[in-house]
Amino acid sequence: MDLIVAADRNWGIGKDGGLLAHIPTDMKYFKDHTMGKVVVMGRKTLESMPGGKGLPGRINYVLSTRRDFAAERCITVGSIDELHEELGKYDPDEVFLIGGAALYNRLYRECERLYITKIDADLGADTFIVNIDEDPAFEIESESGPVTENGLTYRFTVYRKKENKGEHEAQTDISGC
Ligand SMILES: NC(=O)c1ccc[n+]([C@@H]2O[C@H](COP(=O)([O-])OP(=O)(O)OC[C@H]3O[C@@H](n4cnc5c(N)ncnc54)[C@H](OP(=O)(O)O)[C@@H]3O)[C@@H](O)[C@H]2O)c1
């Protein structure tokens, strides 16, 4: 599984239940990476999308503890265990975690690659993910040059999970999970 998110310089990702910024090139980046794939999201992220529907052209999994939760184009799962069971049907390279904070923070360590659009601004977020730069299990694999759009400067940064190298083993070995 991989993860994709846009975060500001404080690792803020959302405000008032919505996104922090509208960056068309980033929306295209998101679409290009996820189209035709399996996407996984929390119920609040789904409800922040237009019409509260799953994304077209993708297999949408939504996590909710509400047994009766249903939404168009979505498959609802009630727990992380159930999610893992479902995701077992797919090639892990075909699965993207798309938010929000509750799911990113719970599941990012299971991801191989983190596609993070890093916006160089404080956008007044009320919802945050962990600071990936402080997690020794990940390293930057690639980073674009700065791009400025709609008055915001950002970079497309890709983090990759480090190979297990003894000293980090205790933190990164999730093979028993
Ligand atoms: N910047 C970005 O790229 C980006 C991407 C996505 C989202 N966002 C933003 O992130 C914010 C939403 O994030 P959030 O953390 O508030 O919500 P969220 O992660 O989208 O959804 C949380 C909900 O998911 C369900 N859930 C979470 N863990 C679960 C578990 N272990 N088992 C079963 N269900 C579980 C629960 O739904 P129930 O309450 O129904 O049980 C929970 O209330 C919004 O502002 C959104 O715009 C930003």
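Reader: Which residues are buried in H1?

Author: In helix H1, the buried residues are Asp26, Phe30 and Thr34, and the model in which they are found is a predicted one.

Reader: What makes you say that the buried residues of H1 line one face of the helix?

Author: If you look down the axis of H1, the buried residues fall within an arc of 60°, and so they line one face of the helix.

Reader: What do the buried residues of H1 pack against?

Author: They pack against the strands E1, E3, E6, E7 (113-119) and E11 (152-161).

Reader: Why is aspartate 26 called buried?

Author: Aspartate 26, which lies in helix H1 (residues 24-34), has 21 other C-beta atoms within 10 Å.

Reader: Which residues is aspartate 26 in contact with, leaving aside its neighbours within four places in sequence?

Author: Those contacts are with Ala6, Thr117 and Tyr154. Aspartate 26 and glutamate 149 are 123 residues apart along the chain, and their C-alpha atoms are separated by 9.7 Å.

Reader: How do you know that tryptophan 11 counts as buried?

Author: Tryptophan 11 has 20 C-beta neighbours inside 10 Å, and since the cut-off is 20 or more, tryptophan 11 counts as buried. This residue is found in the loop between E1 and E2.

Reader: And what makes asparagine 150 count as exposed or buried?

Author: For asparagine 150 the count is 11 C-beta neighbours inside 10 Å, and because a residue with 12 or fewer is called exposed, asparagine 150 counts as exposed. Asparagine 150 also lies in a loop, here the one between strand E10 (147-149) and E11.

Reader: How do you know that the peptide bond between glycine 99 and glycine 100 is cis?

Author: The omega of the bond that joins glycine 99 and glycine 100 is about -5°, and the bond is cis. As for its position, glycine 100 belongs to the loop between E6 and H4.

Reader: Which residues come nearest to the ligand?

Author: Of the 28 residues around the ligand, Gly14, Gly42, Thr45, Gly99 and Gly100 come nearest. Two or more residues of the shell around the ligand come from each of strand E1 (2-7), strand E2 (12-14), strand E3 (38-42), helix H2 (43-47) and helix H4 (101-107). By class, this shell is made of twelve nonpolar, 13 polar and three charged residues.

Reader: Why is E3 described as mostly covered?

Author: Five of the five residues of E3 are buried, and E3 is therefore described as mostly covered. Val38, Val40 and Gly42 point one way from the strand, whereas Val39 and Met41 point the other way, and all are buried. Strand E4 is also mostly covered, with four of its five residues buried.

Reader: What makes E3 and E4 a pair of strands?

Author: Five bridges join E3 to E4 (residues 59-63), and since a pair needs at least two bridges, these parallel strands are paired. Within that pairing, the bridge partner of valine 39 is asparagine 60. E3 also pairs with strand E6 (residues 95-97) in the parallel sense over three bridges, and valine 38 stands opposite valine 95 there. E4 in turn is joined by four bridges to strand E5 (residues 74-77), again in parallel, where asparagine 60 stands opposite cysteine 74.

Reader: How do you know whether the radius of gyration of the protein agrees or disagrees with that of a compact globule?

Author: A compact globule with 177 residues would have a radius of gyration near 16 Å, and the protein has 16 Å, so the two agree. The secondary structure comes to five helices and eleven strands, and buried residues make up 31% of the 177 residues.

Conventions: Residues numbered from 1 in each chain as written. Predicted model: local features only at pLDDT ≥ 70, side-chain atom pairs only at ≥ 80, totals over all residues. Rg over C-alpha atoms; globule rule 2.2 N^0.38 Å. Near = placed C-beta within 6 Å. Nonpolar A, V, L, I, M, F, W, Y, C, P; charged D, E, K, R; others polar. Contact = placed C-beta atoms within 7 Å. Arc of directions from axis to C-beta.
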